[in-house]
There are 2 protein chains.
Amino acid sequence: MPGKHRSWWGWGTVEDAVTGAEATALTDRVRTLLPEADLTAHAPPPVTELGVRPPRVTPPAPLARLCSADPTDRVAHAHGKAFRDIVRNLHGQVRNVPDLVVRPSSEGDVVDILDWCAGETVAVIPYGGGSSVVGGVEPRLAGGYSGAVSLDLGRLGRVVEVDRTSRAARVQAGILGPALEARLRRHDLTLRHFPQSFEFSTVGGWLATRAGGHYATVLTHIDDLVESLRVVTPAGVSESRRLPASGAGPSPDRLFLGSEGALGVITEAWLRLQDRPRWRAAAAVHFDEYDAAVAATRAVAQSGSHPANCRLLDPAEAFLNAGTATTGGVLVLGFESADHPVTTALDRAVELCQGHGGTLPEPPRATDPDTPRARDTTTDTWRSSFLRMPYQRDALAARSMIVETFETACTWDRFPTLRAAVLDAAGEAFRAVGATGLVTCRFTHVYPDGPAPYFGVYAAGRWGATVAQWDQIKAAVSEALLAAGGTITHHHAVGRDHRPWYDRQRPDLVGQALRAVKGAVDPAWILNPGVLVDRPN
Amino acid sequence: MPGKHRSWWGWGTVEDAVTGAEATALTDRVRTLLPEADLTAHAPPPVTELGVRPPRVTPPAPLARLCSADPTDRVAHAHGKAFRDIVRNLHGQVRNVPDLVVRPSSEGDVVDILDWCAGETVAVIPYGGGSSVVGGVEPRLAGGYSGAVSLDLGRLGRVVEVDRTSRAARVQAGILGPALEARLRRHDLTLRHFPQSFEFSTVGGWLATRAGGHYATVLTHIDDLVESLRVVTPAGVSESRRLPASGAGPSPDRLFLGSEGALGVITEAWLRLQDRPRWRAAAAVHFDEYDAAVAATRAVAQSGSHPANCRLLDPAEAFLNAGTATTGGVLVLGFESADHPVTTALDRAVELCQGHGGTLPEPPRATDPDTPRARDTTTDTWRSSFLRMPYQRDALAARSMIVETFETACTWDRFPTLRAAVLDAAGEAFRAVGATGLVTCRFTHVYPDGPAPYFGVYAAGRWGATVAQWDQIKAAVSEALLAAGGTITHHHAVGRDHRPWYDRQRPDLVGQALRAVKGAVDPAWILNPGVLVDRPN
């Protein structure tokens, strides 16, 4: 982001916010769908008006050079980037501001910071890129802490070592997606982990939250790309052995993957890399019936052909985000390889879809290393829209719209019931909060035994009430997800916002086990308190 | 095994032991390689001569119906099936006999048994099929226990439910491989998890030990086939939600996968299934140079074509177990699919091999649903030899041979050094213990970032000393594995025999975490004591 400035209140950079013609087009589009919406634009207050209290804690002298008490810096680290974070920012409701932002420049610094904080019972919130949409980085604390610091690992941003033979790299946790890819490109390698937050999230954040990435099948989560982890805890440093696989006891890495900063600060990882793809093939298959589209997607997911993209957009999603009108939705299929042509695989997937009534208004597109990349309008429209979505979300959030997503995974047998239950629950919640809107659904990832459905909510709210309105909608759909056999999150993580449902989803005994682990590695209970497990009374 | 009887001292069934012409051919083959070997056959003593002590513990009346105090039954549950177990059996050295074999017929029984044992500090050794080769089921206990019971889940052997849509089944932990596959075949489904122990190991054992199965790539471990687990612990029952994937906190299942009976008794699992393959293609590629064979295998592993079989046999392995003479080894490649032809994938893999100097003395073989299955001599010879290996191992163990395997995984960059170090260490240990023999190497599984090398040891030992000789060799190669960056086990598990190296491989902090978990779920420390972690002092 050379020359650009991170927004304290919204997504990404100030310079990339939606303005002018884009804003007009966006509001015009919303007005077509929701003519009654009040789309008056609101702006956040200046930071100086937020009443940020002075820091309650003072770092020891040797750590002072790593600490920032600047109000804007601290306010920018107070919330993640969920809809409810953005709207609270717009209203100037930033109650839980970290006392300091601490930026270690070495692992030794991290150790020293944890020592200090453990000694003075200061809560430590590990901060990756700050793109949490589940309240994962907000210092919303129970009592008993003398203060809270946001531990920003942005200065630990190096690729330390590349092993071209095994296709792996040792990477510091604070590196952002684009810097990582730029560094790996020199070796003609790529991690190919592209969450929607790619530009503003870090390797450490991906690992701590079990982020979902580029691949729709097989390598869906960052978990699958991990050879080893280095983790600093108040009780010491853990480093697992770099291995392609192991059967020696319960996986050490799986204990920290998904621990969301509550069991340790991930400082480094060996990550599995890919060769850059040279062959690609893609198609957008249209359906008249959604059930048939789901059956076709399941057939592809169970065919063993491992598409890189296998994204079923329901009719509302296809219309809103790809401008495509269908009655049964659109399945966006993509195959890629660094080694061999993929048209045969795509052709077979298309054949499976046609067997379920799918049609191709445009022929499949394929590229090989010798031809310039062909354009696939539907796919490309959808992709660029994907990257702009969070910015557009901010623009709509500032105009009283309720715009948010939630996601899950379930087995195929349960999906029809789950989707119906979610749409029902959302509809009922819309009525209860007096909002009008719609819910869309796409699959972000698919497995042989089930999809990962991702829902989008777009509703006209009342300015000043949209957070409360959303919280009520969210609670309703979360109940529906759990009752229908889904997970409270496939890749957005748990944070603080999903805790009530995570606690019910997680076996109680596993909760006890995690509390015991927490007590062993973080005896002063300073790491991201409120996340994962609560302190025993 | 209708009409057959399990051997108390050796592999599998009494009726399938190597005898007659097979035994003669086997010893003749060994004599060709190791002319100085003393191949006098030895037989185990009768169980009545083992001096089995009476049970030290008495079950409460309601559990008595589940308990067997029969000496043969108990002796058969005293050891696993490692070389050192078999030889100790042959010598009548069966010191750690469980006081009772307990066979629950319901999960409620398991709960009651753990309650009784926790109350009276009786150690509980969960017993799957008893095929552990790492001392995982032997009641080798530190002090403090009033006795030990072997918890045999053989009566919990049902497939409870099949979800054809999601291709998954809910399975009780005590079911053996063949019974499971027979039951799934009715639905035209298969787990396709075929460890060498397939006939004599259970789903629960596979899960507790993170067993390695049929697939050389992607779905290599049973871990990858798990949707959810049900686990009984002294602190309660844990049941995870059935999900294709989740990002909600650290994986609950990964805590129990690989816990080897020390954190709970797995009673049930939802497992992911496969359609039965209809297309197959296979080839055996010969190499003149081993390094080139490794490079070719790496190219295939990194090509993203996901072979079901990708087994590089080094020259000694190819000669001993497939009867094929090469100077660089043989790569056995196999592709399979239930959905589409796989000849294109095989052709590309063969092309990659040819680019590294590989040749095909026999053309590739392919079958599709319309043609009877063609024979591939090398592949088939190797496969049937694979299934007979443990029986032949017993016959050789009874003839003073040291015959054992050990396995690991490492990144590709480290493999040449690791293999050389292992061969050096084994050779030196052979000399130190006065044995002559050889070490072979094959890859059982391959990953984009490294292979899982599997080593075989065949040496002429001295009757009465072969366990001590093997223990010394094993310690030497284990040191070499660890020093060269490997794991102490890729899929044989840790048990008691790998503990010293596992403890060094595992990050200390993860050891502390596991001890904390153990204290939470098994406060009386009765579950498989000595496995995974030791009781804090």
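Author: Start with an open sheet of four strands in chain A of this predicted model. Its order is β1-β2-β4-β3, and the pairing is mixed. Two strands sit at the edges: β1 (67–68) and β3 (122–127) of chain A. Each of these pairs on one side only.

β1(A) pairs with strand β2 (residues 100–102) of chain A. The sense is antiparallel, and two bridges make the pairing. One residue pair can be named here: A:S68 has A:V101 in β2(A) as its bridge partner. Strands of a sheet pair through backbone hydrogen bonds, either parallel or antiparallel.

A helix also belongs in this picture. Helix α5 (residues 107–120) of chain A packs on the sheet. It touches β2, β3 and β4 (147–152) of chain A. The direction of α5 makes about 145° with that of β3(A).

Next, step back to the whole chain. The domain assignment divides chain A into three parts. Domain 1 covers 14–43 + 376–491, domain 2 covers 45–276 + 508–537, and domain 3 covers 279–367. Look at domain 1 and domain 3 of chain A: their centres, taken over C-alpha atoms, are 23 Å apart. The contact draws 20 residues from domain 1 of chain A and 24 residues from domain 3 of chain A. On the domain 1 side, α12 (377–397), β17 (436–447) and β18 (450–460) of chain A each give at least two residues. β17(A) gives the largest share of that side, eight residues. By type, the residues of the domain 1 side are 10 nonpolar, eight polar and two charged.

Chain B has a strand β17 as well, at residues 436–447. This strand is mostly covered, with 10 of its 12 residues buried. In chain B, 11 bridges join β17 to strand β18 (residues 450–460), and the two run antiparallel. Among the paired residues, B:R442 has B:Y454 in β18(B) as its bridge partner. β17(B) and β18(B) form a hairpin, with two residues between them.

Last, see how the chains relate.

Conventions. Residues are numbered from 1 along each chain as its sequence is written. Chains are lettered from A and ligands numbered from 1 in the order in which they are written. This is a predicted model: local features need pLDDT of at least 70, side-chain atom pairs count only at pLDDT 80 or more; totals for chains, interfaces and linings use all residues. Two strands pair if DSSP finds at least two bridges between them. Two residues are in contact if their C-beta atoms, placed from the backbone, lie within 7 Å. Axes are lines fitted to C-alpha atoms, for helices over the stretch in contact, and angles run from 0 to 180 degrees between N-to-C directions. Domain bounds come from an automatic or database domain assignment. Ala, Val, Leu, Ile, Met, Phe, Trp, Tyr, Cys and Pro count as nonpolar, Asp, Glu, Lys and Arg as charged, and the others, Gly among them, as polar. A residue is buried if 20 or more other C-beta atoms lie within 10 Å of its own, exposed if 12 or fewer, and partly exposed in between; C-beta atoms are placed from the backbone.
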